[in-house]
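Please have a look at the model below, then work through the tasks in order.

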Amino acid sequence: MNNINTSMRFLFFIIMTSVVYGDSKTMFIPRLISTDSVFELALTNAQFQKEKNENVVPWDDSNILAFKPFFQRSRSGESLARFFLPHNKACIQFRENGTGDVNPLWFNVIGNNTTCYSSTLCIRPERTSYGMILTWYKDLSEHVNHLWIGINTALVHTVHDMHFKEINRTGLGTIPGYQNAIQAFNSSTWTAGKIASHPLHRTGLDDIQLKLGYDFWQSYSTTLAFYGVSTIPTGSRPQSCFLFEPLVGSKHASLGAGFNMDYENCRNFNIMADLKYRYVFAATQRRSFDLKNGDWSRYLLVVTEKEPFFVYPGINSFTKDVKVTPGHTLQMWSAINYHTCVWNLEAGYNFWFAGKEKLCLLCDTIGLPGNIPIGIFDMQVFTPPVTTAHNAQIQQGVTGFDPVVGDNVFTPTTIADVNICSARNSHMLSNTLYGSCKYQFPCDHHPVFIELSGSYEFGHGCGVLSQYAIWGAITLLF
C-alpha cells in the first residue's frame with residue numbers, strides 16, 4: 001500500500017511539474033462547455049433516473065429537454081499571464097539597454113539618441129463565456145429495453161480580454177507606428193502573434209456530444225449503465241492571429257466510453273457517479289512556435305541573404321500549420337441529491353484531466369513565401385558583409401552585458417531550430433465544486449422545472465483556468 005501511495009504522489013508531482021514549469025506557451029485551448037459533466041449532469045442526471053424508474057409505460061415522459069442559460073468567467077489572470085510571458089513571469093521588463101526580459105529593438109521600438117526606451121508590460125488574460133446549453137435525454141426502451149440516448153451542446157458567445165497594459169514608460173519610440181509596445185504588438189505587418197489591446201469576441205455552436213447508453217443493472221434503488229460517447233466538431237481551426245484568441249467549439253472529433261451509477265435510499269437521497277473517458281483525434285491548426293533560442297524568440301527579426309538590411313517580423317515565418325492530437329481526457333463526476341415533492345437540492349464534485357498534446361509540423365522548411373531562406377537579424381553590424389545572429393535571444397540588443405553575437409557566415413534558420421514544446425499544451429487538471437436547486441411547478445401532465453446552479457473550478461497549473469459559473473435551467477418532460 002505504501003508503494004502505491006508513493007507512486008501516486010510521484011505521478012501527481014510529474015503532472016503538476018509539467019504544467020507549472022517550462023517554456024512560455026503560444027497557444028491556449030479553452031475547455032469545451034458541451035463536454036463538461038457539471039453543466040450536463042447537474043440535476044439532469046437525477047431527474048432522468050427518476051423518470052426511468054417511475055414510468056410504467058416506457059415511452060411515457062421519456063423525453064427530458066433542458067434549456068440552460070449560463071455565464072462563466074475566469075479568475076486566474078495572473079496564472080494565465082505566466083503561461084504566456086517569458087520565464088513564467090506575471091509582468092516583464094521591456095528595455096532597450098539589454099537589462100530587461102525583452103528588448104524593444106526587436107519590435108522596432110527605438111528610443112531617441114539620449115533616452116533608451118524602457119517600460120513594464122503586463123497582461124491579465126480573462127475569458128468570459130455566456131449562452132445557452134441544450135441537454136436532451138430520451139429513454140429508448142420502447143424500441144430496445146434499457147437503452148437510452150443523450151445529446152448535449154451549447155450556443156456560446158465568448159470574450160477574451162488580455163487587459164494588455166504598458167506602465168512605467170521612459171521615452172517614446174521614434175519610428176512612426178511603433179511609438180510604444182501596444183502599437184508594436186498590433187503591427188499591420190504581423191500576420192500572427194498579436195496582443196490585442198481590446199477584447200476579442202466569437203460566437204458559435206460548441207461541439208455536439210452524443211451518448212448511447214445501456215442500463216445493464218436496474219433495480220428499485222440502483223441503476224448501473226455503460227455508454228458510448230462521441231463528439232461532433234463544430235468550430236473553426238485556430239489561426240493564431242492573436243495571442244489568446246477566442247475559440248468556440250473545435251475541429252477535433254472524439255470517441256470514448258463511460259459508466260454511470262445512481263443509487264437512491266429510502267430517505268429521498270440519491271448518490272450518483274459518472275466516469276467518462278474520451279480520446280480526441282487529430283486535426284489541423286495554425287500555431288506559432290518559438291525557436292530553441294528561448295521564450296518569445298518567435299518575435300525576433302529575420303532577414304534574407306540577398307537583403308540583409310531589410311528586416312521582416314519573424315512571427316510570420318514561425319507560424320505554421322500543424323497536426324494537433326489532443327489525445328486522452330478523463331472526467332469523474334459525483335453528486336448527492338435530496339428531493340421532496342417539489343424541491344431538489346444537489347451538491348457535487350467533478351475531476352477533469354487532459355493529457356499532453358502531440359504536435360506534428362506539416363512542413364519541413366522555414367522561410368518567406370517561395371521558400372526563401374531566412375536568418376536572425378544581426379543588429380550589431382550595419383556595414384557589409386552583414387550576416388546573421390543565429391543564437392540571438394529576445395532580451396539581447398546592441399548594448400548591455402549580453403549583446404547579440406553575430407555569425408561568421410549567413411546561417412539560415414531551419415525546422416530543426418523550432419521548439420515544438422512552445423506551442424504544445426501540457427497535461428491539464430482541474431477540480432470543480434457545485435451546488436444546485438430545483439423547483440417543480442405542480443402539474444398533472446408535462447411538469448416544468450426551474451433550476452439555479454453555481455460552480456467554481458479550481459485549475460491547477462498556468463495553462464488551466466480557475467473559473468466560476470452560474471446557470472439556470474428550464475426543464476421540460478414530454
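Buried means under 20% relative accessible area, exposed means over 50%, and partly exposed lies in between (1.4 Å probe, protein chains only). Helices (H or I, at least four residues) and strands (E, at least two) are DSSP runs, numbered from the N terminus. The model is predicted: local features need pLDDT of at least 70 and side-chain atom pairs count only at pLDDT 80 or more, while totals for chains, interfaces and linings use all residues. Residues are numbered from 1 along each chain as its sequence is written, and side-chain values use heavy atoms, with hydrogens and water left out.

**Exercise 1.** Find how many residues of helix α3 are buried.

*Solution.* Start with the range: α3 covers residues 44-54. Next, pick out the buried residues: Thr44, Asn45, Ala46, Gln47, Phe48, Gln49, Glu51 and Lys52.

**Exercise 2.** Work out which strands pair with β22.

*Solution.* Two strands pair if DSSP finds at least two bridges between them. Take β1 (residues 63-74): 9 bridges link this strand to β22 (residues 467-477) in the antiparallel sense, and Ala66 stands opposite Thr475. Then take β21 (residues 448-460), which is antiparallel to β22 with 10 bridges; here Leu452 faces Gly472. Finally, check the hairpin of β21 and β22: 6 residues lie between the strands, and Gly461 has a positive phi near 105°.

**Exercise 3.** Decide why Ile474 counts as partly exposed.

*Solution.* First locate Ile474: this residue lies in strand β22. Its relative accessibility is 44%, so Ile474 counts as partly exposed.
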